[in-house]
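Trainee: Before we discuss this entry, may I see the sequence and the coordinates together?

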Amino acid sequence: MLLRQLEYLTALARTRHFARAAEACHVSQPSLSAGIRTLERELKVMIVRRGRRFEGFTPEGERVVMWARRILAERDALRDDVAAMDGGPTGVLRIGAIPTALTAAQLLTMPFLDRHPQVRISLESTSSREMVHRLAEYDLDVGLSYVDGEPLGSVRTVPLYRERHLLLTPADGELAHRPRAGWADAARLPLCLLTPQMQNRRILDRCFADAGVGAVAAVIETDTVSALYAHLGTRRWSSVIAHAWLGLFGVPDGMRLVPMERPARSYHVGLVLADRDPALSLVRALVDVAHRVDVAGELDGVLRDSLRRQAPATDDG
């Protein structure tokens with residue numbers, strides 16, 4: 001069995017197309033097909049369902065794909081580990097982050113690259129559920145997600161910061177000059193929120209429910225923080241945002257931040273690691289940086305600065 005044949009197979013699993021898989025592996029399509037057939041003969045199982053085009057994998061093929069990813073990941077880990085002993089980590093660190101934590105990722109990636117300039121980083125947006133699956137499939141090296149919001153399965157976590165909730169509302173709105181906003185009061189505003197498919201929204205719904213609010217009917221729902229902010233910039237809607245977004249998006253003109261009443265339960269965002277030993281040298285290096293960098297302090301500092309720039313608030317009763 002050649003590692004090259006396993007590379008052909010994982011490329012086919014990734015692209016679901018023979019020609020694109022061959023292109024990704026820089027070989028001809030007949031060479032890729034021949035390599036996979038050789039693998040089938042050696043393992044004595046049918047791996048690929050074939051027709052006029054790629055039709056998927058057999059159950060045995062799905063298992064072989066899983067092992068192929070694992071074997072190739074272990075090969076890469078071996079290379080990285082030996083390279084790290086010689087001159088520091090190299091290669092590509094693949095990070096998957098939930099959309100609501102992407103804005104905080106640079107607090108880790110920048111100091112990481114300062115310490116390890118030979119490493120490249122691939123950072124992509126993904127859901128927490130997909131992240132856990134891809135970690136298990138060796139398709140990601142580390143995740144950035146809520147670590148105590150919903151079950152993550154067999155993973156290791158490194159908490160980084162507790163998420164703080166803020167009402168972002170028009171400066172002339174009814175709650176704009178209160179020192180704190182209640183969840184029930186915020187629910188009565190015309191809201192723009194993330195979609196219920198996103199864990200941040202599910203957390204907010206639990207906070208509203210704990211305050212005795214039923215289903216919250218948002219006027220606008222979106223699956224990206226940037227689209228949410230684009231609508232808030234019109235000063236027609238309010239939203240409950242996470243403080244980690246302030247460093248990138250700030251407070252739009254004509255809007256005001258009001259801290260939300262502390263909910264019954266708080267949620268932490270952190271690193272999510274596959275539960276395996278030894279961990280990749282790149283993952284170990286990132287965890288080391290996470291222990292050195294005060295991510296929570298950095299985000300709290302941005303929050304304090306944002307609130308300080310506002311005119312003093314008074315309680316309107």
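This is a predicted model: local features need pLDDT of at least 70, side-chain atom pairs count only at pLDDT 80 or more; totals for chains, interfaces and linings use all residues.

Trainee: How many disulfides does a search of the whole structure find?
Mentor: A disulfide requires two cysteine sulfur atoms within 2.5 Å. C192 is in no such pair, as the nearest cysteine sulfur, that of C207, is 18 Å away. For the whole structure, the number of disulfides found is zero.

Trainee: Is C192 buried or exposed?
Mentor: A residue counts as buried when its relative accessible area is under 20%. C192 has a relative accessibility of 0%, and therefore C192 is buried.

Trainee: Is C25 buried or exposed?
Mentor: The cut-off for a buried residue is again under 20% relative accessible area. The relative accessibility of C25 is 7%, so C25 is buried.

Trainee: Through which helix does the chain cross from β3 to β4, and what is the handedness of the crossover?
Mentor: The two strands in question run parallel. Between them the chain passes through helix α5, residues 106-115, in a β-α-β crossover. The handedness of this crossover is right-handed.

Trainee: Over how many bridges do β7 and β11 pair, and which residue stands opposite L166?
Mentor: Strand β7 covers residues 165-170, and its pairing with β11 is antiparallel, over five bridges.

Trainee: Which backbone oxygen does the side chain of S239 reach?
Mentor: S239 is found in strand β10, and S239 counts as buried because its relative accessibility is 0%. Beyond its neighbours within four places in sequence, S239 is in contact with residues including L166, L191, C192 and L232. At 2.7 Å, its side chain reaches the backbone oxygen of C192.

Trainee: Where is H243, and is it buried or exposed?
Mentor: H243 lies in the loop between β10 and α10 (246-249). Its contacts, leaving aside neighbours within four places in sequence, include Y161, E163, L166 and D300. The relative accessibility of H243 is 1%, so H243 is buried.

Trainee: What is the phi of H26?
Mentor: H26 is placed in the loop between α2 (18-25) and α3 (29-43). With 73% relative accessibility, H26 counts as exposed. Most residues other than glycine have a negative phi. For H26, by contrast, phi is positive, near 60 degrees.

Trainee: Is K44 buried or exposed?
Mentor: K44 is located in the loop between α3 and β1 (48-50). Phi of K44 is near 60 degrees, a positive value in a residue other than glycine. Exposed means a relative accessible area over 50%. K44 has a relative accessible area of 74%, so K44 is exposed.

Definitions and conventions:
Residues are numbered from 1 along each chain as its sequence is written. Side-chain values use heavy atoms; hydrogens and water are left out. Buried means under 20% relative accessible area, exposed over 50%, partly exposed in between (1.4 Å probe, protein chains only). Two strands pair if DSSP finds at least two bridges between them. Helices (H or I, at least four residues) and strands (E, at least two) are DSSP runs, numbered from the N terminus. A crossover is right-handed if, with the strands pointing away from the viewer, the path from the first strand over the helix to the second runs clockwise. A polar contact is a pair of N or O atoms within 3.5 Å; within protein, one must be able to donate a hydrogen and the other to accept it, and residues adjacent in sequence count only if both atoms are side-chain atoms. Contact means heavy atoms within 4.5 Å.
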